[in-house]
Amino acid sequence: MKKIIFTLLILLVFKGVNAQYSKDNPKVYGDKAFNNKDYYEAAFYYKRAAEGLSLTLLQAIPYHAGEKTSKKPTKQSDQAYISYQLAESYRLYENYVEAEGWYYKVISANYEKEYPLARLWYGVCLRATQRFDDAIKQLEQFNANYNGDSKYKDIATKEIKNCHFAKDQYQYPLLVEVTKLKEPYASDGSDYSLLQRDGNSYFTSSRFVKDDKKHLNRVYLLDKSKSGVPTVVTFKDPENKKEVEYGTPSFNENGKRMYFTRWYKEGSKTIHAIYYCDKVDNDWSAPKKMNSNVNADGFNSIQPFVTSDGLRMFFSSNKPGGQGGDDIWVAYLNFNGDAVSATNLGSVINTAFDEEAPYYDLPNKKLVYSSKGFVGLGGFDFFESQSTLDKWSEPKNLGYPINSAKDDLYYLSDHDDAKKFYISSDRESDCCLAIFSAENKKYTLSGIVTDCDTHQPLEGVKVSFIDSLTKDTIQRMVVNKTGRYAFDVTDKRPHSLRLERGCYFAKNIPAPASGTMRNDTLYSPDICLQAFTPDKPIVIKNVLYDFNKATLRPASKLVLDTLVIVLKDNPTIKVELAAHTDSIGSNLYNDKLSQARAQACVTYIISKGIESARIYAKGYGKRKPVAPNSLPNGKDNPAGRQLNRRTEFKVLKDLKAPGSNPCK
């Protein structure tokens, strides 16, 4: 079970062991606690040993009057061992800030030969404290120099991927606001696994209770009809076990049966299993252990989640038949509420690492659970998978800030607000989970596509909403006669829109990152598409030249840039760029001048990255006037000559499908 405090309160630890410090080596106690996986307690003893070896400054701690400290010669091997074990203890109870410094001490003091994994775990700590570039450097150095078990190189490689993923997530977070819940949910212990039922809240907490000697996990009820003070849900447990703990409750469809995790220690081993009990006259019956379909002897089963119809229970277990570590399983429940079978969800959902805390949204057939096995931000991350015809889609990381560099578990949708949900995370703690509320702040990007000439809504346009960084299409739609498109914007990544329709030039435009919100909808400026007809010239206005020259003016280049954009947005069309003159001068003169001007335009466009095979120059001289060069009375017509001195382009064909009509 994640993030649960088993150790005695520090003052009680001091009271029991200080009398022995004058004659006993705290290293012995540290080793014992470490071997028992009591890493919090191990860190305390190793820290005391480190102080005795002058590895750190002694801190003020309780002591017995008259206690003397014996001084012994310090060995480098002792320093190396204590430094590494202290780092390991901090890391294993996920105090990465403290662990980071002690791993660095091992590395900088040249103890890496004795402890070759120090650099790996140092990199992990750097990742956990969000120093991603430094972590990547250390992890790559570890992979380059380490020659031991390949599984550690695999861990380093995965952590490098985590760092790159995390950098991207922190730079472009989801539009989700995450807030830690205060009292009565928050306490001095771990608080997690929130559940809503009949307007009441149930959650698990290891908060300190009067007369307790330890922080013991219990199920708490926050009754909507009472004062807002959580009360312990008590169970008539007939087994005479000491310090039994309960947590992660879930209910059947009518709320009369509660399923939960029950655990206790036998020697140095902690026994976890899933139990249930029934509500009788407002009291809960004695817990009953679920059968061997769920609880296999010698293995742990934890964190039940019963679907809203009461037919299935998802849970986590390390029992045989899985992919490794804790896996997500599903059990089918009979009319008595016990399991008739249990199935591992398979290698799509589970990995060789740990998967925990399943939540299943029955109406949407959506599984949300936590895993350490996929690329993520670090620790346990939330992943989502859809089930269709008994097949699971590839799990998708829910991203930052839903996930963090620490552990994130126990997802729950809010019963009344579709935009709200709850998670449990230790992102603001070195020891303990806390409950957070999360609210979806996504908005809708909406607009209307029109015809540039008629200014009327344009039906049949395919509009794609694209991630500008990965170039992946996130959503796509074809607009109806209203011309309106609408897409959900869920994160701060840059996005773009691509609009396509036959006989119109496709257009790519950046989506606005912000704007005026109106009824949760962001309205972008309307977008128009320009129609074209194959082989029909389109005049490019304001492409100007000096008299008797083919040199492009700066203003003309700006105009041609718009054609460059059209060609880039429509990468499969081939065009002719033509130049025309008025009637002054001979055919030979005008042919030569118009060809030079057309070529000047083409040369400029090619310089902007357009392939030469897609555009060619053609000078028509004075052969294709579009207006009279002279008036009917024989006088000069300046306006007509101006219209004839023009630059045009026309679509010839679609290179993607030679000979086809690009309008189709």
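Okay, a definition to start: a helix crossing is left-handed if the near helix is turned anticlockwise from the far one by less than a right angle. Keep that in mind for the pair I'm about to show. Also, this is a predicted model, so everything here is computed from it.

So, the helix pair. Helix α7 covers residues 132-145 and helix α8 covers 150-171. Their axes sit 9 Å apart, and the packing angle is about 160 degrees. Since angles over 145 count as roughly antiparallel, that makes α7 roughly antiparallel to α8. And the handedness? The crossing of α7 and α8 is left-handed.

Who's touching whom? On the α7 side, the contact residues include Phe 132, Ile 136, Leu 139 and Phe 142, along with Asp 133 and Glu 140. Over on α8, you'll find Tyr 152, Ala 156, Ile 160, Cys 163 and Tyr 170 among them, plus Lys 153 and Lys 167. By class, the residues of this contact split into 11 nonpolar, 3 polar and 5 charged.

Now, cavities. How many of 30 Å³ or more do we get? The count comes to 1. The largest cavity holds about 170 Å³ of space.

What lines the largest cavity? There are 15 lining residues, and the ones nearest the centre are Ser 193, Phe 305, Pro 358, Tyr 410 and Tyr 411. Strands β2 (191-197), β6 (245-251), β11 (301-306), β15 (355-361) and β20 (408-413) each put at least two residues into that lining.

Conventions:
Residues numbered from 1 in each chain as written. Predicted model: local features only at pLDDT ≥ 70, side-chain atom pairs only at ≥ 80, totals over all residues. Heavy atoms only, no water. Axes fitted to C-alpha atoms, helices over the stretch in contact; angles between N-to-C directions. Helix = DSSP H or I, 4+ residues; strand = E, 2+ residues; numbered from the N terminus. Parallel < 35°, antiparallel > 145°, perpendicular 65-115°, else oblique. Contact = heavy atoms within 4.5 Å. Nonpolar A, V, L, I, M, F, W, Y, C, P; charged D, E, K, R; others polar. 1 Å grid on protein atoms, 1.4 Å probe; cavity = no way out; pocket = protein on both sides within 12 Å on 5 of 7 lines; lining within 4 Å. Points joined across faces, edges and corners; volume = space filled by probe spheres on them.
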